[in-house]
Amino acid sequence: MLNTNTSFSKKQQITVPGDKSISHRSVLFSSLAQGKSEISGFLEGEDPKNTMKCFSELGVRFESLGQGRYLVQSPGKHRLVSPRDVLDFGNAGTGIRLSAGLLAGLPQISAIVTGDASLRKRPMARIMDPLQAMGADIRSISGDGKAPLQIQGKQLSNYSYKSPIASAQIKSALVLAALSSDISIDYEESELSRDHTENMIRFLGGNLEQISPLRFLLSPPYEFEGTSFVIPGDLSSASFYIVLALCAKGEPTIITGVGLNPSRIGILTVLQRMGGKIEISNPRRECGEEIGDLVIYPSKLHRIEIEEALIPSIIDEIPILTIAGLFSENGFSIRHAKELRAKESDRISAMVLNLRKLGVAVTEFDDGYEFDETKEIQSAQIDTFMDHRIAMSFSILAKLSGVDLKIDDVSWVDTSFPGFFELLKKF
Ligand code: S3P
């Protein structure tokens with residue numbers, strides 16, 4: 001395994017910015033609700049800020065009350081208005097897919113939704129097909145199943161869907177369409193994807209009946225009132241510093257106020273099974289979500305097999321988990337993760353290409369990759385492919401290994417983790 005170049009002489013205590021998934025949802029739910037809401041802990045990253053900007057074009061007012069704090073004033077879902085311009089969600093799959101669902105169920109809305117070059121390459125048929133089956137008028141303008149998408153809102157019909165993909169974005173797009181159109185939805189998935197949308201509906205007093213661990217029935221009425229949304233720190237962002245803290249030497253690191261939703265904590269399970277010592281302290285609940293503090297001790301890691309059922313709960317953390325694999329005995333393997341090819345970049349090819357540049361002998365599969373124990377890496381230029389998590393993962397590798405890695409474009413980090421590099425300098 002690679003040698004660590006990093007040793008912490010004193011205990012560090014840090015926080016990470018607000019959860020990206022919940023920040024997007026706080027905009028959508030405060031827009032659906034009528035009246036005033038307050039948001040705190042909002043991620044001031046490009047992705048959720050784009051979603052906020054799009055909803056302000058639909059008639060919702062967001063007033064900044066300071067860092068991560070907003071006062072929201074919504075006319076209510078029936079009084080949202082068509083935007084004058086194309087709605088641009090930038091780099092955010094969550095922003096465009098969830099918003100497309102919400103807008104598709106509002107008959108007064110006519111809109112075009114799009115994003116940057118990375119987002120315009122990502123598959124949208126996965127939401128368009130079931131939305132059309134609910135009666136939605138949504139189509140890809142170029143006919144290739146990708147954004148830009150033209151949406152003419154409609155009154156949709158009750159729907160029952162068994163998703164072939166364990167995706168919270170698909171699940172949430174259909175649920176938000178149901179909320180807009182005041183219809184019921186019976187939804188089932190193959191593995192549990194993150195359930196922040198369900199938690200938020202329960203928190204708002206909605207009628208969501210869990211039929212089995214992977215199936216629920218959501219039924220009207222959905223007359224939500226404005227409320228106070230408190231957003232925890234993002235575990236996906238924390239995972240970069242968790243891996244740094246585990247693979248370094250010396251004193252432990254504490255990360256406070258992190259979201260620990262059970263459908264997201266696969267990264268902790270996997271790292272603990274790899275030999276990582278991570279403790280949870282001060283567990284609490286806020287806005288229907290579990291939160292806690294993490295204490296991370298430098299640890300000796302080793303290779304494990306990661307089973308398919310865990311993949312949805314680690315899907316965003318696989319790039320940084322791979323970096324932990326470089327510091328592990330016997331190397332690293334990830335399979336059953338074909339969904340990685342549909343992220344901000346094709347994360348299987350992006351990781352394989354960059355690791356090979358470093359001299360790591362990686363075998364690529366359709367659904368993952370693997371490498372044996374790595375003794376050393378060479379300096380190289382890293383291609384981020386417009387993907388924040390690729391940029392941050394290799395920045396952590398550069399820090400831990402001391403090897404000079406030139407990352408082609410680090411600006412993507414601002415989509416999810418503004419302040420990432422300032423924080424890294426503190427270690
Ligand atoms: C998200 C769901 C996941 C995740 C993404 C955020 C969400 O995507 O990768 O970063 O907030 O619902 P999929 O639903 O496509 O797996």
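Student: Why is serine 21 called buried?

Tutor: In this predicted model, serine 21 has a relative accessible area of 8%. Buried means under 20%, so serine 21 counts as buried.

Student: Where is serine 21 found, and what does it touch?

Tutor: Serine 21 is found in helix α1. Leaving out residues up to four places away in sequence, serine 21 touches Arg194, His196 and Arg264.

Student: What makes these contacts?

Tutor: Contact means heavy atoms within 4.5 Å. Arg194, His196 and Arg264 are in contact with serine 21 on that basis.

Student: Is serine 7 buried or exposed, and how do you know?

Tutor: Serine 7 has a relative accessible area of 53%. Exposed means over 50%, so serine 7 is exposed. Serine 7 lies in strand β1, residues 7-8.

Student: What does serine 7 touch?

Tutor: Serine 7 touches Lys249 and Gly250, not counting residues up to four places away in sequence. Proline 298 is 291 residues from serine 7 in sequence, but the C-alpha atoms are 9.2 Å apart in space.

Student: How far apart are phenylalanine 229 and serine 7?

Tutor: In sequence they are 222 residues apart. In space, phenylalanine 229 and serine 7 are 38 Å apart, C-alpha to C-alpha.

Student: Why does phenylalanine 229 count as buried?

Tutor: Its relative accessibility is 3%. The cut-off for buried is under 20%, so phenylalanine 229 counts as buried. The residue sits in strand β14, residues 228-230. Neighbours within four places aside, phenylalanine 229 is in contact with residues including Phe29, Ile39, Met200, Leu204 and Cys287.

Student: Which residues of helix α2 are buried?

Tutor: In α2, residues 46-56, the buried residues are Asp47, Pro48, Asn50, Thr51, Met52, Cys54 and Phe55.

Student: What covers the buried residues of α2?

Tutor: The cover includes α1 (20-32), α3 (93-104), β4 (61-66), β5 (69-75) and β6 (87-88).

Student: What makes strand β10 alternate?

Tutor: Its side chains point to two faces. Tyr159 and Tyr161 point to one face and are buried.

Student: Which residues of β8 form its covered face?

Tutor: Ile138 and Ser140 form the covered face of β8, residues 137-140. Asp137 and Arg139 form the uncovered one.

Student: How do you know that β8 and β9 pair?

Tutor: At least two bridges are needed. β8 and β9, residues 149-152, have four bridges, so they pair. The sense is antiparallel. Isoleucine 138 has isoleucine 151 as its bridge partner in β9.

Student: Why does the radius of gyration agree with a compact globule?

Tutor: A compact globule of 427 residues would have a radius of gyration near 22 Å. The protein has 21 Å, so the two agree. The C-alpha trace spans about 60 × 45 × 40 Å along its principal axes.

Student: How many of the residues count as buried?

Tutor: Of the 427 residues, 61% count as buried. The protein exposes about 15800 Å², and carbon and sulfur atoms supply 47% of that area.

Technical notes
Residues numbered from 1 in each chain as written. Predicted model: local features only at pLDDT ≥ 70, side-chain atom pairs only at ≥ 80, totals over all residues. Heavy atoms only, no water. Rg over C-alpha atoms; globule rule 2.2 N^0.38 Å. Buried < 20%, exposed > 50% of the residue type's maximum accessible area, 1.4 Å probe, protein only. Areas by Shrake-Rupley, 256 points an atom, 1.4 Å probe, with all protein chains shown as cover.
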